[in-house]
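Please read them with the structure open.

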Amino acid sequence: MAVADYPHPASAGRSANMRANRRTDTKPEMALRRALHQRGYRYRKDYRLDLAGGRRVRPDIAFTARKVAIFVDGCFWHACPEHGSKPRNNEWYWGPKLVRNAERDRLNDAALAVAGWTVIRLWEHVPLDEALATVMAALPATRTMNAATNAPSRAATPR
């Protein structure tokens, strides 16, 4: 990409703000991971999946054995219809970029579905209890109780 095709920041403060945006370990993602872990679920974080056709996808949370991929999407970066904002500075760059992000998400979802994965996309503004319920509903129920001790059996923990 040529230097002329890349937007120049409006200010040093805006530049610092954009550099501070995280790709992983965002607050909503961390809260969901913490809640899942507290309930005994074990998962991979930011786990790279190499799919057919050379497509690589990194779900925020992946249950590899159950083939469930969870994405916690930021409202700005993924163009949330409710909270997504349109930048006024360098709109020529950001408008198409945000559209490409949403298109990439749809392509990734389709590639994961073809590979047999269940895809869950949650907006960052979804309350934690609602996000947790959505994820837990999508995970196959594998927890069984040991009849002798009335405790979860080792082989059936929610991993």
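1. Helices here are DSSP runs of H or I of at least four residues, strands are runs of E of at least two, and both are numbered from the N terminus.

2. Some ground rules come next. This is a predicted model, in which local features need pLDDT of at least 70 and side-chain atom pairs count only at pLDDT 80 or more, while totals for chains, interfaces and linings use all residues. Residues are numbered from 1 along each chain as its sequence is written, and side-chain values use heavy atoms, with hydrogens and water left out.

3. The protein contains four helices and eight strands. Their order from the N terminus is α-α-β-β-β-β-β-α-β-α-β-β. Of the 159 residues, 30% are buried; buried means under 20% relative accessible area, exposed over 50%, and partly exposed in between, with a 1.4 Å probe and protein chains only. Contact means heavy atoms within 4.5 Å. Among contacts between residues at least 6 apart in sequence, 56% join residues at least 24 apart.

4. An open sheet is formed by four strands in the order β1-β4-β5-β6, with mixed pairing. Its edge strands are β1 (44–45) and β6, each of which pairs on one side only. Strands pair if DSSP finds at least two bridges between them. β4 and β5 run antiparallel and are joined by three bridges, and A62 has A69 in β5 as its bridge partner. β5 (residues 68–73) and β6 (residues 118–123) run parallel, with six bridges; V68 stands opposite T118 in β6.

5. The buried residues of α3 include Y93, W94, N101, D105 and L112.

6. The largest nonpolar core has 16 residues, and L32, L36, F63, I70, L122 and V135 touch the most other members. At least two residues of this core come from each of α2 (27–38), β4 (61–63), β5, β6 and α4 (128–138). Apart from it lies another core of nine residues, among them L49, A69, A111 and L112. A nonpolar core is a set of buried Ala, Val, Leu, Ile, Met, Phe, Trp, Tyr and Cys residues joined through side-chain atoms within 4.5 Å.

7. L36 lies in helix α2. It counts as buried because its relative accessibility is 0%. Leaving aside neighbours within four places in sequence, L36 is in contact with Y41, Y43, I61, F63, L132, V135 and M136. L36 and L132 are 96 residues apart in sequence, yet 7.2 Å apart in space, C-alpha to C-alpha.

8. Where is H78 placed? H78 sits in the loop between β5 and α3. With a relative accessible area of 17%, H78 is buried. Not counting residues up to four places away in sequence, H78 touches D73, R104, D105 and W123.
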